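Here are my notes on the model you sent. Please keep the structure open while you read them.

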Amino acid sequence: MRLILLGPPGVGKGTQAVRVAGRFGVPHVSTGDLLRAALASRTEIGLTAKKFMEAGELVPDSVVLDLIRGRLGEPDAAGGFILDGFPRNAAQAESLGVLLEEIGGAVEAVVALEASDEALIARLSGRFSCPACNRVYNVHSNPPRRSGVCDEDSSELLQRSDDAEDVVRNRLRVYREQTEPLIAYYDARGLLARVAGAGEVGEITLRIERAVEEVRDRGSDAAAP
Ligand code: AP5
């Protein structure tokens, strides 16, 4: 399965990508996680990305494309992947198409998760994540068993600096201007399904799985003689 999860900050891409990746047996590939790991290791890529991420702006395409080319070339991605946070503009979408042609394969489905801005801002203000295993929590909807501590590895949970409200508002603006047009881009290619991102997490996973099946069925109907 080669699936893209599209959607605004806080809509639940990461939460759902982990679950859907488990169901399909493919890796979850998040450019945000890759960039945060590069930043934590103080690599050149991480240091270049820092100021863009802190401001809620997109990191330059060349940097992100290098990361994604490396990650999708790893053996565990040969059978497919769930992309979360990539592509994020038209140039990245075009580059992804070229890269997949080079390594063999194509995007099979794109799920656009949707929620209101009010819900997104409320979710991001309550998000905490584990710096060791990347597990994501929410003080309102999905708290850890022990306050401030990861259930998996007992690391101290952290709040992302780009979850400050002014940065969130800029991330939403950038999403509307640069990423949202990809919904029409993939719709025109017959790959898109829209899924409501509000509700219980497990129910949304089922909606995504059903949506992926619908896109696949549409593809096989179109291919039928
Ligand atoms: P990135 O890390 O990709 O952030 P994002 O797209 O803004 O998305 P988020 O991670 O904030 O949210 P999410 O949709 O994954 O929601 P989550 O599941 O955590 O990117 C960060 C930055 O990196 C960018 O701003 C940019 O600078 C740079 N970057 C990354 N990719 C790039 C690219 N391709 N090009 C250029 N720059 C790039 O859920 C949010 C919260 O809600 C959690 O607390 C969760 O527990 C909770 N929650 C989830 N589902 C529900 C539910 N159904 N009900 C209630 N609460 C829920």
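Where is the place of Ala 164? Point 2 takes this up.

1. **Source.** This is a predicted model, in which local features need pLDDT of at least 70 and side-chain atom pairs count only at pLDDT 80 or more, while totals for chains, interfaces and linings use all residues. Residues are numbered from 1 along each chain as its sequence is written, and side-chain values use heavy atoms, with hydrogens and water left out.

2. **Ala 164.** Ala 164 sits in the loop between strand S6 (136-138) and H7. Helices (H or I, at least four residues) and strands (E, at least two) are DSSP runs, numbered from the N terminus. Ala 164 has a relative accessible area of 34%, so it counts as partly exposed. The cut-offs are these: buried is under 20% relative accessible area, exposed is over 50%, and partly exposed is in between (1.4 Å probe, protein chains only). From Ala 164 to Ala 90 the C-alpha separation is 27 Å, and the two are 74 residues apart along the chain.

3. **Thr 179.** Helix H7 covers residues 165-179, and Thr 179 lies in it. Thr 179 is buried because its relative accessibility is 4%. Leaving out residues up to four places away in sequence, Thr 179 touches Leu 6, Pro 87, Arg 88 and Val 174. Contact means heavy atoms within 4.5 Å.

4. **The tyrosines.** The count comes to 1 aromatic pair. Tyr 185 and Tyr 186 form an edge-to-face pair, with 4.9 Å centre to centre and 85 degrees between the planes. Rings of Phe, Tyr and Trp (its six-membered ring) pair if their centres lie within 6.5 Å; planes under 30 degrees apart are stacked, over 60 edge-to-face, and the rest tilted. Tyr 185 is at 17% relative accessibility, so it counts as buried. Tyr 186 is at 3%, so it is buried too.

5. **The whole chain.** The protein chain has 9 helices and 7 strands. Its C-alpha atoms fill a box of roughly 60 × 40 × 35 Å along the principal axes. Of its 225 residues, 45% count as buried. Take the contacts with a separation of 6 or more: residues 24 or more positions apart account for 67% of them.

6. **Radius of gyration.** What value does the protein chain have? The protein chain has 17 Å, which agrees with a compact globule of 225 residues, because such a globule would have a radius of gyration near 17 Å. The radius is taken over C-alpha atoms, and the globule rule is 2.2 Å times the number of residues to the power 0.38.
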